[in-house]
Amino acid sequence: MNLLVAALSGLLFGLGMAISGMVDPAKVIGFLDVAGNWDPSLAFVMGGALAVFMPAYFFLIKPRSHSINGEQYCLPNTSVIDKRLIGGAALFGIGWGIAGVCPGPAIASASYGNVGIWIFIASMLFGSLLVKFLTAPKADKAKQAMK
């Protein structure tokens with residue numbers, strides 16, 4: 001059942017990204033170009049997603065203590081806005097602005113065979129692994145300090 005839910009969710013996500021145009025870097029860059037030839041259509045995609053998600057979140061997800069597959073939610077226990085969060089958000093925004101591709105839509109458009117998308121995905125994974133490698137000693141120290 002868990003695999004079916006994951007497969008169906010992924011299929012719906014991929015279809016939504018492709019149909020809405022969020023997998024087209026030119027459309028995304030047009031959306032990000034608020035000082036130039038701005039294309040507001042992706043704001044409607046995000047608004048539509050929130051219009052569906054918000055009621056589902058407040059009425060179905062938030063009251064639950066466990067996910068559909070029975071595992072506990074892994075929620076952050078801090079809401080601190082620190083240098084690491086700001087730096088990560090800035091790097092994410094720079095990457096999104098340069099490539100015109102966000103991670104979710106990039107994965108959804110991987111089947112189109114665009115070599116640039118595959119390079120983007122590989123680079124994104126490499127960046128994630130690099131940060132994990134560079135921050136692992138700090139995370140281990142923080143865990144030991146909590147014990």
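Predicted model: local features only at pLDDT ≥ 70, side-chain atom pairs only at ≥ 80, totals over all residues.
A search of the whole structure turns up 1 cavity of 30 Å³ or more. The volume of the largest cavity is about 40 Å³. Its lining is formed by Met-22, Val-28, Phe-31, Leu-42, Met-46, Trp-96, Val-101, Cys-102 and Pro-105. Two elements, α2 (25-32) and α3 (41-61), each give two or more residues to this lining. By residue class, the lining has 9 nonpolar residues, no polar ones and no charged ones.

The largest nonpolar core holds 7 residues, namely Met-17, Met-22, Val-23, Val-28, Phe-31, Leu-42 and Ala-108. Val-28 belongs to this core and also lines the largest cavity. Leaving aside residues up to four places away in sequence, Val-28 touches Met-22, Leu-42, Trp-96 and Gly-100. In soluble globular proteins, nonpolar side chains tend to be buried together.

| Core | Number of residues | Residues |
|---|---|---|
| Largest nonpolar core | 7 residues | Met-17, Met-22, Val-23, Val-28, Phe-31, Leu-42, Ala-108 |

Helix α4 covers residues 83-99, 17 residues in total. From its first C-alpha to its last, α4 reaches 24 Å, close to the 24 Å expected at 1.5 Å a residue.

Notes
Residues numbered from 1 in each chain as written. Heavy atoms only, no water. 1 Å grid on protein atoms, 1.4 Å probe; cavity = no way out; pocket = protein on both sides within 12 Å on 5 of 7 lines; lining within 4 Å. Points joined across faces, edges and corners; volume = space filled by probe spheres on them. Helix = DSSP H or I, 4+ residues; strand = E, 2+ residues; numbered from the N terminus. Nonpolar A, V, L, I, M, F, W, Y, C, P; charged D, E, K, R; others polar. Core = buried A, V, L, I, M, F, W, Y, C linked by side-chain atoms within 4.5 Å. Buried < 20%, exposed > 50% of the residue type's maximum accessible area, 1.4 Å probe, protein only. Contact = heavy atoms within 4.5 Å. Expected span 1.5 Å × (residues − 1).
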